[in-house]
Amino acid sequence: MTPKEILIREIIGKEEAMFLAVTPSEPASCQEMVKTFRRMREMSHWVWPEPVLESILQDLTRAEYAGRNLMTEKYACMENKLYRRPKPLINEIIAIETRWHSAVRRKYPLTFKARGDQFETYASCEFATYSRETIEGIYAALTLALSEKRNLVEERYTHLFKALGLNSIDQMEEEMKNR
């Protein structure tokens, strides 16, 4: 395993423990799909450089030490039960990611259907649990990707589909055409 893969595995281990400890206001079937949770978290983290991953791991470790569950906080935020004062860069991060999501939906319309603002709510509540250092690292990674004409959303899904045994998103789009 590479150092990056080790970091991602450590992060997902901490996130999974927090995720399974969340007591939802309504029964949540997603808590029974731990394998899917792990796969989606891996996809999310895969594009971050090691310093960002180290910062996320530090945030999770600090939260554990303080008795906080960042997953509980994220879902409480998503249900409007917890207010988090927005961090300045989060809106810029969400704007970049939203543009990338739109580009991916245009390029692969059968694979990715429009889903309203679910992403924005989910991501902004997740990012709100991170430290300033992590947010700054994420923003730096996004702006670097922009300068390199990369789309990290497309890279995340490429990684996911390869992990699921496909060669590419293009292959998934072809399969969707033939259904």
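User: Which residues in H1 meet which residues in H3?

Analyst: The model is a predicted one, and in it H1 spans residues 3-21 while H3 spans residues 50-66. Once the contact of H1 with H3 is sorted by residue kind, it divides into 10 nonpolar, one polar and seven charged residues. On the H1 side the residues are Pro-3, Lys-4, Leu-7, Ile-8, Glu-10, Ile-11, Lys-14, Glu-15 and Met-18, and in H3 they meet Glu-50, Leu-53, Glu-54, Ile-56, Leu-57, Leu-60, Thr-61, Ala-63 and Glu-64.

User: Are H1 and H3 roughly parallel or roughly antiparallel to each other?

Analyst: Two packed helices are described by the angle between their axes and the distance between the axes. For H1 and H3 the axes lie 10 Å apart and the angle is about 30°, with a crossing that is left-handed. Angles under 35 degrees count as roughly parallel, and H1 and H3 are therefore roughly parallel.

User: Is Glu-97 buried or exposed?

Analyst: Glu-97 is found in helix H5, where, leaving aside neighbours within four places in sequence, it is in contact with Trp-48, Phe-119, Leu-142, Val-153 and Arg-156. Its relative accessibility is 1%, and because a residue under 20% is classed as buried, the answer for Glu-97 is buried.

User: With which side chain does the side chain of Thr-111 make a polar contact?

Analyst: Thr-111 is found in the loop between helix H5 and helix H6, and at 16% relative accessibility this residue counts as buried. Leaving aside neighbours within four places in sequence, Thr-111 is in contact with Phe-161, Met-172, Glu-173 and Met-176. The polar contact, at 2.6 Å, is with the side chain of Glu-173.

User: What is the phi of Asn-80 near?

Analyst: Asn-80 is found in the loop between helix H4 and H5, and with a relative accessible area of 73% it is exposed. Asn-80 is a residue other than glycine, yet its phi is positive, with a value near 60°.

User: Where is the place of Lys-149?

Analyst: Lys-149 is not a glycine, although it has a positive phi of about 60°. At 77% relative accessibility, Lys-149 counts as exposed. As for its place in the chain, Lys-149 is in the loop between helix H7, residues 132-147, and helix H8, residues 152-163.

Conventions:
Residues are numbered from 1 along each chain as its sequence is written. This is a predicted model: local features need pLDDT of at least 70, side-chain atom pairs count only at pLDDT 80 or more; totals for chains, interfaces and linings use all residues. Side-chain values use heavy atoms; hydrogens and water are left out. Axes are lines fitted to C-alpha atoms, for helices over the stretch in contact, and angles run from 0 to 180 degrees between N-to-C directions. Helices (H or I, at least four residues) and strands (E, at least two) are DSSP runs, numbered from the N terminus. Angles under 35 degrees count as roughly parallel, over 145 as roughly antiparallel, 65 to 115 as roughly perpendicular and the rest as oblique. A crossing is left-handed if the near helix is turned anticlockwise from the far one by less than a right angle, and right-handed if clockwise. Contact means heavy atoms within 4.5 Å. Ala, Val, Leu, Ile, Met, Phe, Trp, Tyr, Cys and Pro count as nonpolar, Asp, Glu, Lys and Arg as charged, and the others, Gly among them, as polar. Buried means under 20% relative accessible area, exposed over 50%, partly exposed in between (1.4 Å probe, protein chains only). A polar contact is a pair of N or O atoms within 3.5 Å; within protein, one must be able to donate a hydrogen and the other to accept it, and residues adjacent in sequence count only if both atoms are side-chain atoms.
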